[in-house]
Amino acid sequence: MIKNPFSAIILKEENKDNKGSAEFQVVGLTNRIRRLTSHLELHKKDYLSQRGLRKILGKRQRLLAYLSKKNRVRYKELIGRLDIRETKTR
């Protein structure tokens with residue numbers, strides 16, 4: 001059972017054969033980020049969870065950078081569907 005209905009919608013849309021794709025991984029990381037963020041709103045001093053959140057954010061950022069280099073159209077579609085901001089370029 002998936003607790004977050006948002007993730008259920010996204011997971012149903014994805015192709016079951018393509019679970020290793022960058023998009024599928026970003027969706028999974030985004031769901032974990034949202035769960036951890038809501039946990040940290042209740043438990044402000046949970047520093048180990050804060051560290052885990054920072055690691056997950058970095059991993060998602062690297063995957064999104066890879067996806068934007070490989071296929072900009074799929075990248076734009078994914079960040080629009082997940083409602084996340086576009087990363088700043090240097």
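## Ground rules

Helix axes here are lines fitted to C-alpha atoms over the stretch in contact, and the angles between them run from 0 to 180 degrees between N-to-C directions. Helices (H or I, at least four residues) and strands (E, at least two) are DSSP runs, numbered from the N terminus. The model is predicted: local features need pLDDT of at least 70 and side-chain atom pairs count only at pLDDT 80 or more, while totals for chains, interfaces and linings use all residues. Residues are numbered from 1 along each chain as its sequence is written, and side-chain values use heavy atoms, with hydrogens and water left out.

## The chain as a whole

Let's start with the overview. The chain has four helices and zero strands, giving the pattern α-α-α-α along the sequence. Of its 90 residues, 31% are buried, where buried means under 20% relative accessible area, exposed means over 50%, and partly exposed lies in between (1.4 Å probe, protein chains only).

Contacts are heavy atoms within 4.5 Å. Among contacts in the chain with a separation of 6 or more, 53% join residues 24 or more positions apart.

The buried residues of helix 2 are Ala 22, Glu 23, Phe 24, Val 26, Val 27, Leu 29, Thr 30, Asn 31, Ile 33, Leu 36 and Leu 40. In helix 3 they are Ser 49, Leu 53, Ile 56, Gly 58, Arg 60, Leu 63, Leu 64 and Leu 67, and these pack against helix 2 (22-42) and helix 4 (72-82). A reminder for reading such lists: an α-helix has 3.6 residues a turn, so residues three or four places apart point the same way.

## Helix 2 against helix 3

Two packed helices are described by the angle between their axes and the distance between the axes. Helix 2 and helix 3 pack at about 155°, with their axes 9 Å apart. They are therefore roughly antiparallel; under 35 degrees counts as roughly parallel, over 145 as roughly antiparallel, 65 to 115 as roughly perpendicular and the rest as oblique.

Helix 2 passes helix 3 in a left-handed crossing, a term for the near helix being turned anticlockwise from the far one by less than a right angle, with clockwise being right-handed. Residues in this contact include Val 26, Leu 29, Ile 33 and Leu 36 of helix 2, and Leu 53, Ile 56, Leu 63 and Leu 67 of helix 3. By class, the contact divides into 13 nonpolar, seven polar and four charged residues. Here Ala, Val, Leu, Ile, Met, Phe, Trp, Tyr, Cys and Pro count as nonpolar, Asp, Glu, Lys and Arg as charged, and the others, Gly among them, as polar.

The axes of helix 3 and helix 4 come within 6 Å and cross at roughly 135°, so the two helices are oblique to each other. Leu 64, Leu 67, Ser 68 and Lys 70 in helix 3 meet Arg 72, Arg 74, Tyr 75, Leu 78 and Ile 79 in helix 4. That contact has five nonpolar, one polar and three charged residues.

For helix 2 and helix 4, the axes come within 11 Å and cross at roughly 25°, which makes the pair roughly parallel. Their crossing is right-handed. Glu 23, Val 26, Val 27, Thr 30 and Arg 34 of helix 2 make the contact with Arg 74, Leu 78 and Leu 82 of helix 4, for a tally of four nonpolar, one polar and three charged residues.

Leu 78, in helix 4, is buried, with a relative accessible area of 2%. Leaving aside residues up to four places away in sequence, Leu 78 touches Glu 23, Val 26, Val 27, Leu 64 and Leu 67. Leu 78 and Glu 23 are 55 residues apart along the chain, with their C-alpha atoms separated by 7.1 Å. Glu 23 belongs to helix 2 and counts as buried at 10% relative accessibility.

Asp 83 sits in the segment after helix 4 and counts as exposed at 67% relative accessibility. Its phi is near 60°, a positive value in a residue other than glycine. Most residues other than glycine have a negative phi.
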